[in-house]
Amino acid sequence: MKRFYIIFSFLHFFIVTTVAQVGEYRTDFAIGVNGGYLLSKVGFTPDVPQKMLGGMTGGLTFRYTCERYFKSVCAIVAEVNISQVGWKEKIEDAHNEPVYYVDDPDHPLRYERRMTYLQIPLMARLGWGRERKGFQGFFQIGPQIGIFMSESTDTNIIPGAQTVTPRSSNIVAQETMPVEKKFDYGITGGAGIEFSVPRAGHFLLEGRYYYGLGNIYGNSKSDYFAKSNFGQIVIKMTYLFDIIKTKNDKIK
């Protein structure tokens, strides 16, 4: 939890510093929706060979813009998302060939675990460019928490069944272990572009990466895995409309 405290301290420092500086103050508040595609895997120790698992993510976005300091537009962004995450195993032999059961040579072995999480990121945002009409580039970073909701498995593996050749990895404990830790936390950050249209709203395209600091399985000396944290790549689009706008004709 010490690492999580550091992340929150960084966010708190950003907010306090922003408020304390002398700039062009804003009281803009916008809400909207977001949706996108997510690629994820789990960093197991000992290692489990994997491919990225694709899933959908989407939810609500809230943004409060508090100041323009020199050329930087400062804001706080929060989201509440439902996301499909997990991992997909690379089941192959030492020569990177598919592995089959002795009595089923037509279907290579497969295994993927899909989990649904409620994810809540809270990010400090810096933007450069137009606020009301035109383009703006932005960067944002902050902590994210996740709450486990459900999981499902897609596999044709039968524990203990004979295969034609040995698998490239003998680490298989995760295939029968349900998620043990229901609370996830980590740090997320990304960059993107925003196009604003007066009276129509704000349209955003963003790429983001999430690094999990928690584990989905126990990591004590008596547990099988020393580490089992998420790594996620997200591409998403967001639409925001203004609820509160600063009255200032000089804002462009």
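## The largest pocket

The largest pocket has a volume of about 300 Å³. Keep in mind that this model is predicted. The lining of this pocket is made of 19 residues. Nearest its centre lie Ile-157, Pro-159, Arg-167, Val-172 and Glu-175. By class, nine lining residues are nonpolar, eight are polar and two are charged.

Why roll a probe over a model at all? A probe the size of a water molecule shows where empty space is left.

## The second largest pocket

The lining divides into six nonpolar and six charged residues, with no polar ones.

## A cis peptide bond

Which two residues does a cis peptide bond join? They are Thr-45 and Pro-46, and omega is about 5 degrees. Pro-46 sits in the loop between strand 1 (24-45) and strand 2 (50-51).

## Positive phi angles

Asn-96 is not a glycine, yet its phi is positive, about 60 degrees. Asn-96 belongs to the loop between strand 4 (72-89) and strand 5 (111-129). Is Asn-96 buried or exposed? Its relative accessible area is 54%, so Asn-96 is exposed, the cut-off being over 50%.

Arg-199 also is a residue other than glycine with a positive phi, near 70 degrees. Its loop runs between strand 7 (183-197) and strand 8 (201-212). Arg-199 counts as exposed because its relative accessibility is 85%.

Technical notes: Residues numbered from 1 in each chain as written. Predicted model: local features only at pLDDT ≥ 70, side-chain atom pairs only at ≥ 80, totals over all residues. Heavy atoms only, no water. Helix = DSSP H or I, 4+ residues; strand = E, 2+ residues; numbered from the N terminus. Buried < 20%, exposed > 50% of the residue type's maximum accessible area, 1.4 Å probe, protein only. 1 Å grid on protein atoms, 1.4 Å probe; cavity = no way out; pocket = protein on both sides within 12 Å on 5 of 7 lines; lining within 4 Å. Points joined across faces, edges and corners; volume = space filled by probe spheres on them. Nonpolar A, V, L, I, M, F, W, Y, C, P; charged D, E, K, R; others polar.
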